[in-house]
Amino acid sequence: MHSKILILDFGSQVTQLIARRVRDAGVFSEVHPYDVSDEFIKNYGAAGIILSGGPSSVTEGDTPRAPAAVYEAGVPIFGICYGMQTMAEQLGGKVENGLVREFGYAEVRARGHTALFREINDFVTPEGHGMLKVWMSHGDKVNEMPPGFKLMASTDNCPIAAMADEERRFYAVQFHPEVTHTLQGEAILGRFVHEICGCKSDWNMPDYISEAVASIRAQVGDDEVILGLSGGVDSSVAAALIHRAIGDKLTCVFVDHGLLRLDEGKMVMEMFANNLGVKVIHVDATAQFMGHLAGVSDPEAKRKIIGREFVEVFQVESGKLSNAKWLAQGTIYPDVIESAGKGKKGSHTIKSHHNVGGLPDTLNLKLLEPLRELFKDEVRKLGVALGLPHSMVYRHPFPGPGLGVRILGEVKKEFADLLRRADAIFIEELRSTYVDPHAEKPQSWYDATSQAFAVFLPVKSVGVMGDGRTYEYVVALRAVQTQDFMTAHWAHLPHELLGKVSNRIINEVRGINRVVYDISGKPPATIEWE
């Protein structure tokens, strides 16, 4: 059994980052809503509990509180931001609305030489005070600590920026150690889970495979499983893992809607059917999808049509497999967390997900979601551990509707063919051009960007080729760098690289005579154009 950390979510948009940081430290962690029952807390078996931040104010009456059993569980507790405030209020301290709100960078002075901060600092002042560079995001603040607590850190605007009751192993900070802007955040969370909670680093992907295989076998028994294979990372890793567990009792349905990247269908079939020996039914439904998309230019309408037709094709194919009792999906942990938060008081939901309850009940199949405990970076590590090619597992994200949302306006086969080839040239050049060719381990521009692709614009522009005048289409190139996809910067690709890509597209893709580069950040733009 893994030692595990329980994270109670009070609605912060960065709660997932806490779980990821804990797992990066080699310790399993799970996020659950703040209002779980006392019974749940008692039976969970946590080695430690973390209380997340959140958008509410404890100074208002009906706002979230941690279950009483948290403070009686006898395990270390770490309150972060709102988690610190509710801990203070519940244990007899006082919280007030701050006159000065703190959002962004702050420098915190460590005090009290506690186990949590001992020898962790970013710099030391001439007076000998250890200082931490942190990220704050709060209006309220603790103005009186509960009995038994001592001061652990302070700022000019927030005299009680962290507090600790070391006898009970209760710690709390007003800043956010889970975000990268807090430079020692990883060290602080690592100190909490390893030294204070006593957790071992026993969470890693190679070991996880044997556990997951045993779990799938126990769940499925002798039944057969069907999986919708998209060629994306999540469904591909799910297919490889389930195949490792049950072999030819897995059948994958690969629906080609005509909106995939260049040679993607061939690559998927080669990898899964030929190399891994997985049973894959390849359905070329290009004509069906294009027929329904004809004349439709609204982005949301296009998404709905593509989603509806995928379900239609999948239902027809699954109906031919009478022995299949399970439907496997590549649902991952962020899907589960964000969907669980929908409509829950105290959380601000950002989006819902197609994988959580996405396919219709009329399939009459039980649901198998072998990746639902894993974050994306863990899914990628698992894919490599299962033997999938690194280049496939670490590919940039690709939207479910495929090129359908990268062709602005009406989708036509002609446009998809042009875009496919332009996009392939862009990606090929990114992969073969290095940021610093002389570095010890040179990194390609593909690996240095988080997402890169071409967009087909439904406009024509005048051009000159040879002695002739042309009137052809335009593509835009998009490349961004981001850590969490919530915000993104446009990638400062070298002009020589952009020039080479433009030259190749215009010369090799007949029908395109102009290439532009998108230099918008997110926000205000989104990463995808539709």
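Here is a tour, stop by stop.

Before you click, note that this is a predicted model, where local features need pLDDT of at least 70, side-chain atom pairs count only at pLDDT 80 or more, and totals for chains, interfaces and linings use all residues. Residues are numbered from 1 along each chain as its sequence is written, and side-chain values use heavy atoms, with hydrogens and water left out.

**Stop 1: the annotated site.** Select Cys81, His176 and Glu178, which an unreviewed UniProt entry labels "active site"; such annotations may be inferred rather than shown by experiment. They are spread over 98 residues of sequence, yet they cluster in space, with a largest C-alpha distance of 11.0 Å.

Zoom in on His176, in the loop between β10 (170-173) and α5 (185-196). (Helices, H or I, of at least four residues and strands, E, of at least two are DSSP runs numbered from the N terminus.) His176 is buried, at 4% relative accessible area; buried means under 20%, exposed over 50% and partly exposed in between, using a 1.4 Å probe and protein chains only. Leaving out residues up to four places away in sequence, its contacts (heavy atoms within 4.5 Å) include Cys81, Trp135 and Ser137.

Glu178 sits in the loop between β10 and α5. Is Glu178 buried or exposed? It counts as buried, at 0% relative accessibility. Again leaving out residues up to four places away in sequence, Glu178 touches Leu17, Ile18 and Arg21, among others.

**Stop 2: helix α1.** Now select residues 15-24, helix α1: eight of its 10 residues are buried, so it is largely enclosed by the rest of the structure. Leu17, Ile18 and Arg21 are among those buried residues. Just after α1, Gly26 takes a positive phi of about 85 degrees.

Stop 3: Pick Ile505 and, beyond its neighbours within four places in sequence, you'll find contacts including Ala422, Ile425 and Leu477.

**Stop 4: Asp518.** Finish at Asp518, in the segment after β19 (512-517). Asp518 is buried, with a relative accessible area of 9%. Leu477 and Trp490 are among the residues Asp518 touches, not counting those up to four places away in sequence.
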